[in-house]
Amino acid sequence: KTHNLTLVAMSQLGRTLCAMGDPQAARRLHEDVLEIRRKSLGLEHEWTRNSMRILADTLEMCGDHTAAAAFRAESCPTSVKTRDQGMLASPSPRYPW
């Protein structure tokens, strides 16, 4: 469940659920992805921060604007690790999260 490509698939499924009108189910998936990325990559990694932004979008769709704003603020990088600094697998360039 922690492999990057699994997390990418979970994130894409969350986006699909949002598009199909089920943002609450998407929220749970995006929260899981973010938790795993925080633990495995840390807060400063670009993929962790991108997961925060995706979760913020989902929270907006759920009507939780306060939480969305908090995740957006937290996702602003101070310094960011890149793919070259320690990821297991690089995703497709089309899907950098």
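## Surface and burial

The accessible surface of the chain in this predicted model comes to about 5500 Å², and 56% of that surface belongs to carbon and sulfur atoms; areas of this kind come from the Shrake-Rupley method with a 1.4 Å probe, and for residues only the protein chains shown count as cover. Of the 97 residues of the chain, 39% count as buried, where buried means under 20% relative accessible area, exposed means over 50%, and partly exposed lies in between (1.4 Å probe, protein chains only).

The model is predicted, with local features needing pLDDT of at least 70 and side-chain atom pairs counting only at pLDDT 80 or more, whereas totals for chains, interfaces and linings use all residues. Residues are numbered from 1 along each chain as its sequence is written, and side-chain values use heavy atoms, with hydrogens and water left out.

## Overall fold

The chain holds four helices and zero strands, and its pattern, read along the sequence, is α-α-α-α; helices (H or I, at least four residues) and strands (E, at least two) are DSSP runs numbered from the N terminus. Among contacts between residues at least 6 apart in sequence, 59% join residues at least 24 apart, contact meaning heavy atoms within 4.5 Å.

## Packing of α1 against α2

Helix α2 (residues 23–41) packs with α1 at an angle of about 160°, the two axes lying 8 Å apart; axes are lines fitted to C-alpha atoms, for helices over the stretch in contact, and angles run from 0 to 180 degrees between N-to-C directions. The two helices α1 and α2 are therefore roughly antiparallel to each other, given that angles under 35 degrees count as roughly parallel, over 145 as roughly antiparallel, 65 to 115 as roughly perpendicular and the rest as oblique. Their crossing is left-handed, a term used if the near helix is turned anticlockwise from the far one by less than a right angle, with right-handed used if clockwise.

The residues making this contact include Leu 7, Leu 13, Arg 15 and Leu 17 of α1, together with Leu 29, Val 33 and Ile 36 among those of α2. By class, the contact of α1 with α2 has 12 nonpolar, four polar and three charged residues; Ala, Val, Leu, Ile, Met, Phe, Trp, Tyr, Cys and Pro count as nonpolar, Asp, Glu, Lys and Arg as charged, and the others, Gly among them, as polar.

## Packing of α1 against α3

Helix α1 (residues 4–19) also packs with helix α3 (residues 46–62), here at an angle of about 20° and with the axes 11 Å apart, and α1 and α3 are therefore roughly parallel to each other. The crossing in which α1 passes α3 is left-handed. On the α1 side, Asn 4, Ser 11, Arg 15 and Cys 18 meet Trp 47, Ile 54, Thr 58 and Met 61 of α3, a contact with four nonpolar, three polar and one charged residues.

Arg 15, found in helix α1, counts as partly exposed because its relative accessibility is 36%. The C-alpha atoms of Arg 15 and Asp 57 are separated by 9.6 Å, although these residues stand 42 residues apart along the chain.

## His 45 and Ser 75

His 45 lies in the loop between α2 and α3 and is buried, with a relative accessible area of 1%. Ser 75 has its place in the segment after α4 (65–74) and likewise counts as buried, at 4% relative accessibility. Between His 45 and Ser 75 the C-alpha to C-alpha distance is 9.9 Å, with 30 residues of separation in sequence. When neighbours within four places in sequence are left aside, Ser 75 is in contact with Arg 49, Met 52 and Arg 53.
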